[in-house]
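Open the model in your viewer and keep the sequence panel beside it. This tour goes from one selection to the next and says what is there.

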Amino acid sequence: MPSSGNPKENTIYQHILIPTDGSALSSKAVKDGVALAQVLGAKVTFFTATSPFSSIGDLDHAFAGVPELVRQQALSYLESEARNALAAASAAAAAAGVEAGTFMTESNEPYEAIIAAAKSKGADLIFMASHGRRGVKAVILGSVTQKILTHTELPVLVCR
């Protein structure tokens, strides 16, 4: 079949979900994911899942006894950081001329939230950083990237 020369007609990936948490690794994935989207003529959705309290124990009781005002301030800070990460990612896409949207949710299981976001937004590729946990943490907690690789049917491209 002859090619029309239009990248949007020639790519199998038309919508890329790029999870970001604002870290250096995910910022590199944003940059590389935007570059890929630019070459493919794909649009992107930047996604972040906030987890207000992290504890190996029961998350509902992680901050038992902490005054509600402190809890609300912590939540506000985490939400602000997530919005900043999405804004930086959107700016990178705009600078590259790539169509982009953002999506944020709260979840105690980021891998599940990423997979659900990819499905709900109609992404056909997840492009994400490898966070490379090692040792005991990898055994106990597992890697978000590893969990996504084993739980989604969508293609996943991991940026190192």
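Two strands pair if DSSP finds at least two bridges between them. By that rule, strand E1 (residues 15-19) and E4 pair in the parallel sense, over 2 bridges. Keep in mind throughout that this is a predicted model.

**The whole chain**

Start with a cartoon view of everything. The protein chain has 6 helices and 5 strands. Trace the chain from the N terminus: the elements run α-β-α-β-α-β-α-β-α-α-β.

The accessible surface of the protein chain comes to about 9500 Å². Carbon and sulfur atoms account for 55% of that area. Of the 160 residues in the chain, 33% are buried. Take the contacts between residues at least 6 apart in sequence: 77% of them join residues at least 24 apart.

**Strand E4**

Select residues 125-129. This is strand E4, and it is mostly covered: 5 of its 5 residues are buried. Show the side chains. In a regular strand the side chains alternate between the two faces of the sheet. Here Leu125, Phe127 and Ala129 point one way from E4. Ile126 and Met128 point the other way. Both sets are buried.

Which residue stands opposite isoleucine 126 in E4? Select leucine 17 to see the answer: leucine 17 stands opposite isoleucine 126.

E4 and E5 pair in the parallel sense over 4 bridges. Click phenylalanine 127, then leucine 157: leucine 157, in E5, is the bridge partner of phenylalanine 127.

**Valine 156**

Stay in E5 and select valine 156. Strand E5 covers residues 156-159, and valine 156 lies in this strand. Draw a distance from valine 156 to leucine 125, C-alpha to C-alpha. The two are 31 residues apart in sequence but 5.9 Å apart in space. Then list the contacts of valine 156, leaving out residues up to four places away in sequence. Valine 156 touches Leu125, Ile126, Met128, Ile148 and Leu149.

**Threonine 50**

Move to strand E2, residues 43-50, and select threonine 50, which lies in this strand. Is threonine 50 buried or exposed? Its relative accessible area is 14%. Threonine 50 therefore counts as buried, since the cut-off is under 20%. Threonine 50 is in contact with Leu78, Ala82, Met104, Thr105, Glu106 and Ser107.

**Lysine 121 and a ring**

Select lysine 121. Lysine 121 is found in helix H4 (residues 110-121). What lies under its charged end? The charged end of lysine 121 sits over the phenylalanine 103 ring, 4.5 Å from the ring centre.

Phenylalanine 103 is also on the contact list of lysine 121, together with His15 and Thr45, once residues up to four places away in sequence are left out. Lysine 121 is partly exposed, with a relative accessible area of 35%. For one more distance, pick glycine 101. Glycine 101 and lysine 121 are 20 residues apart along the chain, and their C-alpha atoms are separated by 9.7 Å.

**The salt bridges**

How many salt bridges does a search of the whole structure find? The search finds 2.

Go to helix H2 (residues 24-40) and show aspartate 32 and lysine 28. These two form a salt bridge, with the closest N and O atoms 2.6 Å apart. Both residues lie in H2, 4 residues apart, about one turn of the helix. Colour by accessibility. Aspartate 32 is partly exposed, at 24% relative accessible area. Lysine 28 is partly exposed too, at 37%.

Now jump to helix H3 (residues 68-96) and show arginine 83 and glutamate 79. Their side chains meet in a salt bridge, 3.0 Å from N to O. Arginine 83 and glutamate 79 both lie in H3, 4 residues apart, about one turn of the helix. Arginine 83 counts as partly exposed, at 47% relative accessibility. Glutamate 79 is also partly exposed, at 37%.

**Last stop**

Display the aromatic rings across the model. A search of the whole structure finds 1 aromatic pair. A pair of aromatic rings is described by the distance of the centres and the angle of the planes.

Key: Residues are numbered from 1 along each chain as its sequence is written. This is a predicted model: local features need pLDDT of at least 70, side-chain atom pairs count only at pLDDT 80 or more; totals for chains, interfaces and linings use all residues. Side-chain values use heavy atoms; hydrogens and water are left out. A salt bridge is a side-chain nitrogen of Lys or Arg within 4 Å of a carboxyl oxygen of Asp or Glu. Buried means under 20% relative accessible area, exposed over 50%, partly exposed in between (1.4 Å probe, protein chains only). Contact means heavy atoms within 4.5 Å. Accessible areas come from the Shrake-Rupley method with a 1.4 Å probe; for residues, only the protein chains shown count as cover. Rings of Phe, Tyr and Trp (its six-membered ring) pair if their centres lie within 6.5 Å; planes under 30 degrees apart count as stacked, over 60 as edge-to-face and the rest as tilted. A charge sits over a ring if NZ of Lys or CZ of Arg is within 6 Å of the ring centre and within 35 degrees of the ring normal.
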